[in-house]
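I opened this notebook to record, entry by entry, what I looked up in the structure shown here.

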Amino acid sequence: MSAFFAVFLTVLLAELGDKTQIATLLFSTNSKLAPLYIFLASAAALALSSAIAVLAGTFAKTYLQQIPLKLISGIIFVLMGSWTIYEYFKS
């Protein structure tokens, strides 16, 4: 059960303030859209994107065992963060 909470907390913290959450917030400002439908649509989209990520990870684990995927994904994550910080200070 601790693995469940580790994944839950990691994904929750990664999603806070994400573009997806901001887009959902903006949809919620539209008075023509029911909040329940916005929640259900955004939850379904997150579930589908998570399912795709799990399938891709399973594929990678099975077929790309010689490649250090955790290292590569970590480097990409750091590069994306660095680029975001650079773009912030550039403007």
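**Aromatic rings and a helix**

I began with Tyr-88, which counts as exposed because its relative accessibility is 61%; buried means under 20% relative accessible area, exposed over 50% and partly exposed in between, with a 1.4 Å probe and protein chains only. This is a predicted model, in which local features need pLDDT of at least 70 and side-chain atom pairs count only at pLDDT 80 or more, while totals for chains, interfaces and linings use all residues. Residues are numbered from 1 along each chain as its sequence is written, and side-chain values use heavy atoms, with hydrogens and water left out.

I then searched the whole structure for aromatic pairs and found three; rings of Phe, Tyr and Trp (its six-membered ring) pair if their centres lie within 6.5 Å, and planes under 30 degrees apart count as stacked, over 60 as edge-to-face and the rest as tilted. Phe-4 and Phe-8 are stacked, because their ring centres are 6.4 Å apart and their planes lie at 15°.

I noted that Phe-4, at 51% relative accessibility, counts as exposed, whereas Phe-8, at 47%, is partly exposed. Tyr-88 and Phe-89 form an edge-to-face pair, with 5.0 Å from centre to centre and 80° between the planes. Phe-89 also counts as exposed, at 63% relative accessibility.

I returned to Phe-8 and placed it in helix H1 (residues 2-15); helices are DSSP runs of H or I with at least four residues, numbered from the N terminus. Phe-4, Phe-5 and Phe-8 form one aromatic cluster.

Terms used
Helices (H or I, at least four residues) and strands (E, at least two) are DSSP runs, numbered from the N terminus.
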